[in-house]
Amino acid sequence: MLCTVLAGALLLVGLAAGVVNRQVLDGPRFANHIDAVRRDPAVSRQVGEAITNQALSAAPDLIALRPLMEATATALAGSPAFGPLVRTTARQVHGSFTHGGAGPVALRLVDVGAILTGALPVLSPQAASRIPPNLSVTLASVGSRTFAARTIHLTHYVGLLAWLLPLLALLAFVGSVWSARDRPRAVVRAGWAVVGAGAGVGILALAGEVAASTADVSTLRGALLAASWRQFGRPLWGAAAVTVAAGGILALTASGRVRQLDLAAGSRRVWTTISKAPARRWPALARGMVLLVVGLGALLRPGLEFAVIAGVIGLVLLVAGAAEIAAAGGVSPRRSADGEQEAGPRPEPPRRPRGVRFAAPALAVALVAGLVAFDGAPASPRIALANTGTGCNGYVELCDRPYDDVAFVATHNAMSAADEPGWFIPEQPTGLIGQLDAGVRVLLIDTWYGQTTSTPGLIATAPGSHSAAMAEAERLFGQAAVTSALRLRNALSPTPTGPVTPYLCHGLCEIGATKWEPAMAAVRAWLDAHPRQVVTFFIEDYVSPADTAKVFEQAGLLPDVYTPQPGKRWPTLGQMISSGHRVVVLMEKHGGGTTYPWLQQGFDVVQDTPFSNPTPASLSCRLNRGSPTSPLFLVNYWLSGFQSLVSNARNINAYDKLWPYLQRCEEERHHLPNFVAVNYYNEGNVFRAVNQLNGLPS
């Protein structure tokens with residue numbers, strides 16, 4: 001009895017830790033929850049009021065426009081405008097309590113004045129001109145001496161407790177059954193202990209609901225509390241329901257009451273009819289375990305579109321599987337030959353084979369182990385399918401063509417991805433692997449030296465590169481945009497702490513960085529899964545050739561790189577694939593010389609078009625860099641303004657605009673456009689135009 005009570009208590013705490021593990025310690029999920037809290041109507045209303053109060057404190061004469069400002073600020077606070085900033089900052093706050101040694105952090109909506117200024121001119125130009133652009137609203141602040149910091153410190157142990165406590169509970173349940181004289185009755189007690197643990201979780205959920213319902217949503221603190229409970233706390237109800245159901249099935253099965261529903265007999269008759277073989281204990285035990293596992297999977301991890309159906313089927317399978325195990329293990333009451341339960345005292349059960357005697361404990365193991373796996377398991381990674389066949393880059397027609405006689409889709413600033421954390425002003429929708437999956441085969445990337453900081457997830461440009469990076473960022477984005485982005489970063493007070501290593505950055509690593517070597521290792525894995533693809537990197541290199549070569553070596557890409565042969569023409573795609581040398585590396589600034597001949601000096605072999613194009617009318621086909629006789633032709637086809645990156649890409653990437661432009665460049669330059677480099681490759685129809693350049697079906 002003591003073991004059973006202890007097991008129930010351990011399971012109760014472990015289940016709560018499991019919910020925290022899944023809802024809080026998962027970084028992307030945490031960031032999405034925080035953004036959902038921000039979009040809650042009560043929260044956005046309070047944030048809008050806070051923005052208005054700060055604006056009025058800076059410009060008191062605007063009090064006459066308070067209703068207008070408050071309505072506009074409230075709409076903005078709940079709009080998608082703040083989504084990327086909130087999710088990025090939330091990931092950094094998340095990092096502060098999942099990595100030791102983090103200093104004080106704050107979750108803020110920054111530069112709200114600038115966004116409000118952009119929204120108000122339509123209604124009141126006078127008001128817009130008087131609002132300070134650097135207004136910010138602090139949603140939460142966690143310092144080193146606060147109660148929140150002490151609570152957050154405990155989350156270091158939650159990931160451990162999420163699997164350790166249910167596992168200890170499982171061992172305690174096994175011990176309670178093993179040490180009992182009447183093991184079927186001990187299993188019944190274990191089942192009710194599981195029910196009690198689920199009920200305890202339900203009580204915690206109920207307490208949270210009460211606290212959230214009594215919160216004063218007319219204050220920012222109360223609105224945040226209520227919205228946070230809805231995002232983070234309500235999954236407790238699901239954990240409670242599943243646990244109570246599992247414990248109830250275990251208890252009812254062990255007590256023999258499930259047999260009264262004739263589920264076991266019905267399932268055995270069906271199974272016997274299918275197999276055309278008499279039911280035996282070991283097959284029945286195996287069938288029961290299979291049904292139990294399938295039932296747990298359907299109940300705990302159903303697809304969204306089949307949630308209700310899968311849940312019902314899962315519950316039925318759980319009961320049927322439990323009945324099979326109970327029947328095989330002999331834990332049910334005795335029945336007479338005609339199927340009726342016999343009356344009278346229960347005699348000493350006959351000795352059963354070892355495996356069958358453990359049927360009831362196995363049922364407990366399966367139920368509780370399922371909960372352990374559900375609470376403590378990390379998210380599953382996406383697995384790419386291999387692309388095999390006889391084609392080259394997807395087409396048999398390209399195999400016999402020389403590399404410089406093929407057109408490829410290329411991505412400008414390929415490392416700057418909207419779906420990766422920390423990137424301001426992203427110029428592509430996905431990271432490198434997403435682009436390769438979509439069909440991009442030339443990746444234009446920038447490499448800089450950076451180092452980790454005291455703020456997890458935030459990378460600082462290395463001191464030796466900072467001046468050049470700042471100049472590059474201001475040239476690309478303008479001083480105001482860079483200052484705004486750095487204000488968000490500096491609000492977290494980062495201090496460089498890590499070693500100087502190569503990163504993929506767009507100028508300043510503070511406004512977006514991806515560690516280079518792991519990114520290239522992911523590309524190597526992609527190439528292994530796609531053995532008939534040729535991929536090119538065109539690198540704007542602020543990292544030395546020696547360190548660039550080291551990154552390729554550590555990532556395992558050196559065996560794949562292509563080294564040009566002096567005086568010889570480019571090989572065909574088929575030859576590159578057959579030789580295994582199917583990764584071309586071009587460098588904008590520094591080639592590898594004789595030490596690293598595969599690091600080709602890019603503009604010795606590439607000619608390109610201008611890349612500073614503010615409007616569609618300014619897109620030109622004239623020579624910019626390289627020589628007119630260079631064997632490769634890069635078309636820089638994007639607009640330089642960052643305020644409307646997606647809409648600009650949607651406009652100029654449209655087939656009826658891109659295709660005539662490519663035809664014009666081919667005629668003017670007397671050369672096939674080899675690299676068609678764009679922003680937001682998913683907008684318009686770049687792939688159709690490139691296929692048409694290659695003479696392929698579009």
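This report describes the disulfides of a predicted model.

## Basis

Local features need pLDDT of at least 70 and side-chain atom pairs count only at pLDDT 80 or more, whereas totals for chains, interfaces and linings use all residues. Residues are numbered from 1 along each chain as its sequence is written, and side-chain values use heavy atoms, with hydrogens and water left out.

## Count and pairing

A disulfide is a covalent bond between the sulfur atoms of two cysteines. With a disulfide taken as a pair of cysteine sulfur atoms within 2.5 Å, the count is three. When the bonded cysteines of the protein chain are numbered in sequence order, they pair as 1-2, 3-4, 5-6.

The sulfur atoms of Cys392 and Cys399 lie 2.1 Å apart. The torsion about their S-S bond is about 105°, so this disulfide is right-handed. Cys392 and Cys399 are both buried (buried: under 20% relative accessible area; exposed: over 50%; partly exposed: in between; 1.4 Å probe, protein chains only).

Cys505 is joined to Cys509 with an S to S distance of 2.0 Å. This link is right-handed, with 95° about the S-S bond. Cys505 is buried at 0% relative accessible area, and Cys509 is buried at 2%.

## Cys621–Cys665

In the disulfide of Cys621 and Cys665, the sulfur atoms are 2.0 Å apart. The link is left-handed, with -80° about the S-S bond. Cys621 lies in the loop between β11 (606–608) and β12 (632–637) and Cys665 in helix α26 (residues 655–669), so the pair ties together parts 44 residues apart in sequence. Helices (H or I, at least four residues) and strands (E, at least two) are DSSP runs, numbered from the N terminus.

Cys621 is buried, with a relative accessible area of 1%; Cys665 is buried at 0%.
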